[in-house]
Each structure stands twice: as C-alpha cells, then as structure tokens.
Amino acid sequence: GQQSVDQSSSLQQHAEDIRSILGVPQEVSQRIATDSLSAYMRMIFKDQFIHGDLHPGNVMVKLEEGSSPDVEEATTESTSHLERLTKRLRRAARSYSPPFQLIILDAGLAIPLPRDKVEALRSL
C-alpha cells in the first residue's frame with residue numbers, strides 16, 4: 001500500500017542523491033542498470049550458471065574517463081574547427097560504447113545450471 005510507495009520514493013531519492021554526488025549522468029546510470037540485468041540474464045540463459053553470492057559488495061562499476069559531465073569550454077575564435085570536430089567525434093564515440101566497466105567479483109559460488117532448469121526458467 002502507501003508504505004511501499006513511500007519506501008520506493010525514498011529509495012529513488014536516495015539513488016538520485018548518490019548519482020548526483022558522484023556526478024554520473026542519468027543516461028549512464030540507466031545504462032548501468034540495463035547492462036547489469038543483461039549480464040545476469042546472460043549468466044543464466046546463455047552461460048547456464050548462477051552466481052551464488054551476487055550482492056552489491058560483489059559488483060563494481062568502474063567509470064571510464066569522460067563518463068561524468070564535462071564542463072564545456074566556451075567556444076572562442078581561437079578554438080579551431082579541427083578541435084571542435086575532435087570534441088564532437090569523441091562525444092559521439094562515447095555514446096556507442098558504455099562509459100563504464102561492470103565488474104562482478106567472487107565467482108567462487110558459481111553454480112552450474114542443468115539445461116532442464118534453464119528451460120524451466122525460460123518458460124516463466
């Protein structure tokens with residue numbers, strides 16, 4: 001009921017505060033969430049195992065250079081056309097590859113999944 005809505009709102013605000021403090025753009029934060037879920041699904045359905053100890057302490061995100069918002073320098077007459085083009089190309093290249101690395105630690109409890117269990121999960 002209302003309590004779960006309040007808790008959800010509180011968690012969302014807490015996550016937003018952390019994201020803001022770290023200076024991580026919302027698009028990067030959303031991509032981290034999407035890629036994390038994709039990695040988990042790939043573990044189960046493609047690689048056929050479950051990480052038996054997957055908790056926040058065993059997941060790290062390493063931000064790549066340029067994943068935090070840059071302060072745009074004012075374009076002056078001294079900024080060459082080539083410098084402006086180079087900056088635009090770098091920004092475009094960053095948009096095609098994730099500006100972070102997702103690191104999953106402590107795979108000592110990797111549990112193999114038999115094919116029939118994977119298919120049972122797939123049917124859900």
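The following dialogue explains how several features of this predicted model may be read.

Biologist: Which conventions apply to this model and its numbering?

Modeller: Residues are numbered from 1 along each chain as its sequence is written, and side-chain values use heavy atoms, with hydrogens and water left out. The model is predicted, and local features need pLDDT of at least 70, side-chain atom pairs count only at pLDDT 80 or more, and totals for chains, interfaces and linings use all residues.

Biologist: How many helices and strands does the chain have, and which pattern does the chain follow?

Modeller: Helices (H or I, at least four residues) and strands (E, at least two) are DSSP runs, numbered from the N terminus. Here the secondary structure comes to 4 helices and 4 strands. Along the sequence, the pattern reads α-α-β-β-α-β-β-α.

Biologist: What share of the contacts in the chain with a separation of 6 or more comes from residues 24 or more positions apart?

Modeller: A contact means heavy atoms within 4.5 Å. Among contacts with a separation of 6 or more, 85% are between residues 24 or more positions apart.

Biologist: What share of the residues in the chain is buried?

Modeller: A residue is called buried under 20% relative accessible area, exposed over 50%, and partly exposed in between (1.4 Å probe, protein chains only). In this chain of 124 residues, 13% are buried. As for area, accessible areas come from the Shrake-Rupley method with a 1.4 Å probe, and for residues, only the protein chains shown count as cover. The chain exposes about 9600 Å², of which carbon and sulfur atoms supply 57%.

Biologist: Where is N58, and is N58 buried or exposed?

Modeller: N58 is placed in the loop between β1 (49-51) and β2 (59-63). N58 counts as buried because its relative accessible area is 8%.

Biologist: Which backbone oxygen does the side chain of N58 reach, and which residues does N58 touch?

Modeller: A polar contact is a pair of N or O atoms within 3.5 Å; within protein, one must be able to donate a hydrogen and the other to accept it, and residues adjacent in sequence count only if both atoms are side-chain atoms. The side chain of N58 reaches the backbone oxygen of D53 at 2.7 Å. Residues up to four places away in sequence being set aside, N58 touches H51, D53, I103, I104, L105 and D106.

Biologist: P56 lies in the loop between β1 and β2. Is P56 buried or exposed?

Modeller: P56 is exposed, because its relative accessible area is 75%. The C-alpha atoms of P56 and L105 are separated by 9.9 Å, although these residues are 49 residues apart along the chain.

Biologist: How many salt bridges does the whole structure have?

Modeller: Side chains of opposite charge can pair when their charged atoms come close. A salt bridge is a side-chain nitrogen of Lys or Arg within 4 Å of a carboxyl oxygen of Asp or Glu. A search of the whole structure finds 4 salt bridges.

Biologist: Which side chain meets that of R19 in a salt bridge?

Modeller: The side chains of R19 and E16 meet at 2.5 Å, N to O. Because they are 3 residues apart in helix α1, about one helical turn separates R19 and E16. R19 is buried, at 16% relative accessible area, whereas E16 is partly exposed, at 32%.

Biologist: Which residues form a nonpolar patch on the surface?

Modeller: Patches are made of residues with over 30% relative accessible area and no salt bridge; like charges are joined within 9 Å, and nonpolar side chains (Val, Leu, Ile, Met, Phe, Trp, Tyr) within 5 Å. I18, I21 and L22 form such a nonpolar patch, with about 330 Å² of accessible area together. I21 is placed in helix α1 (residues 2-22) and counts as exposed because its relative accessibility is 73%.
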